[in-house]
Amino acid sequence: MGMHWRRLIAGVLAALALTGSAGACTAALPQRFESALGSYYREADYWVEWIGPLKEDSAARFCRKLQQLQGGALSEASAFYWAIAPDKGVYTESATTDYAAAYAYLEKNLAGMKGIDLAPALTLADYYRTDRHWRQEKLGPVVSALGEAMNFSTEDSFTVEQGSDFIGAYSPYLPSWTRAEPFYWLNSEMLEQVTVENMQRPDQTKIYWEPALESSNRYDFFLGGASPLITLKNPKAPANRKLILFGDSFASSLAPLLCESYSEITVVDLRYLGSSVLEEYLDAAGKEVLFLYSVWVVNNSAMLR
Amino acid sequence: MKKIIAFALSVLMAFSLLAGCGQNSSSSVAESVKLEGTLEEILAKVYDGVTDLPMTMEQELTEENSEYNVGVARSSYTEGLASDAAINAIAFSVCLMRAEDEEKAKTLAEEVEEKADPRKWICVEAESKIVDRIGDVVILIMAEKALADQLSANFKALAG
């Protein structure tokens, strides 16, 4: 068999293998498929992770971790809030993520903390098609929901900036015909004056890490990607309000939008910073605390150290 | 005929997908040797002299964290120790597990090889996953390849 036929067949195989439908010669997609990255399905042109039902043992551990912090390293904080960043599976017809169960469980088991339901603030269109994350330019209603619960309001108006089209974090596992999608971020005079200290990237001083615009990890653009601890400072915000935001990567695009209301926001990722050393890096006295994690983390809380 | 060819090619491609996406994974088994010392002591020897080793934090492997760290239930071994990068957003994890006996350790090593997730941190991914065994002790190394190779070499050297 000639070389060009082998290449043609290899290309067809790539498409077939990703569809999982052996023996078919069409681009038809199954309801659900498995990849090296996990279980996925496609609905309304959105690729969605199959997170599944709430794992109560993990949710219980999640609550214990937050309560341990509340009573320990964060005992001198002024207020505690929690929210779950809904994943886009919440908004699909398949509804593969039991956000409601997760929210109800946390609400029942996180005494002394105020829960904020973010699900009504979002729709499927507020997420990337080829990536798990929400889109920063769509987070206005989320900020409003947080502001209502945490007693702050935002008056800043943002301009929408655009980078080149991209295919998100799922790209290694998606069919070659997957369409790239636009990438936007928000800017304003306020955001331009915010300074950043990033434990993982000491040379980063601004909110947006521009090298990410040319990389395959586009979402690293927001606060430079994964980091144990990042501090954002806005000298023009009310000096008496400071926030500690515990979160995963969903927090990276949201945190800048809260800078108008807080002179200092410390973003902590407990996947990379152990709770046992938190007090060495953080002074919680008089600060507000917001725990904002995705359902994925609630369901796999062993990753919080 | 076309459908038969397409089906056969699909099966072949499915097998090629099982190789992962550039993930360097290897597993080897050492000859029957008894590794003395606590898991902490063994870990210290594995880390001895390694360049570019990040600062680490150790924790006991428990029912709550075993599947996250090594992919298998805590009941699969008698004691376990996890060592991850501390205060650093890099994919680095070294776990040691002692099984009931050498035979059970062989099974454990196979299970860990199959199930441990080099993407457990979600936002970062280990370039290399290595599972080794000496006697009744299994090691899981997930790290950048050059570092993982150094650690694996140190572990193998403990077999004498």
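Biologist: What share of the contacts in chain A between residues at least 6 apart in sequence joins residues at least 24 apart?

Modeller: That share is 69%, where a contact means two residues whose C-beta atoms, placed from the backbone, lie within 7 Å. Residues are numbered from 1 along each chain as its sequence is written, with chains lettered from A and ligands numbered from 1 in the order in which they are written.

Biologist: Why is A:Tyr40 called partly exposed?

Modeller: A residue is buried if 20 or more other C-beta atoms lie within 10 Å of its own, exposed if 12 or fewer, and partly exposed in between. A:Tyr40 has 19 C-beta neighbours inside 10 Å and therefore counts as partly exposed. Its place is in strand β2 (residues 38-43) of chain A, strands being DSSP runs of E of at least two residues and helices runs of H or I of at least four, numbered from the N terminus.

Biologist: Which class does A:Asp45 fall into by its C-beta neighbours inside 10 Å, and where is A:Asp45 found?

Modeller: A:Asp45 has 11 such neighbours, so it counts as exposed. It is found in the loop between β2 and β3 (46-49) of chain A, and its phi is near 70°, a positive value in a residue other than glycine. A:Asn151 also has 11 other C-beta atoms within 10 Å and is therefore exposed; its phi is near 65°.

Biologist: What makes β5 (114-116) and β8 (195-198) of chain A edge strands?

Modeller: Two strands pair if DSSP finds at least two bridges between them. The open sheet has seven strands in the order β5-β4-β12-β10-β11-β9-β8 (chain A), with mixed pairing. Each of β5(A) and β8(A) pairs on one side only, and they are the edge strands. Four bridges join β8(A) to strand β9 (residues 229-233) of chain A, and these two run antiparallel; A:Asn198 stands opposite A:Ile230 in β9(A).

Biologist: Why is strand β3 (residues 79-85) of chain B described as largely enclosed by the rest of the structure?

Modeller: Six of its seven residues are buried, and the description therefore applies. β3(B) pairs in the antiparallel sense with strand β2 (residues 56-60) of chain B over five bridges, and with strand β4 (residues 93-98) of chain B, again antiparallel, over six bridges. B:Met57 has B:Asp84 as its bridge partner in β3(B), while B:Ala82 has B:Cys95 as its partner in β4(B).

Biologist: Which residues have the most contacts inside the largest nonpolar core?

Modeller: A nonpolar core is a set of buried Ala, Val, Leu, Ile, Met, Phe, Trp, Tyr and Cys residues joined through C-beta atoms within 7 Å. The largest has 128 residues, and those with the most contacts inside it are A:Ile84, A:Leu245, B:Val138 and B:Leu140. Strand β6 (residues 137-143) of chain B gives the largest share of this core, seven residues. Among the residues that B:Val138 touches are B:Met97, B:Leu108 and B:Val131.

Biologist: How does pLDDT stand over residues 16-23 of chain B?

Modeller: It stays under 50 there, and the model has seven contacts beyond four places in sequence for these residues. Where pLDDT is low, the predicted coordinates should not be read in detail. For chain B, the mean pLDDT is 87, and 80% of its residues reach 70 or more.

Methods
Predicted model: local features only at pLDDT ≥ 70, side-chain atom pairs only at ≥ 80, totals over all residues. pLDDT = per-residue confidence, 0-100.
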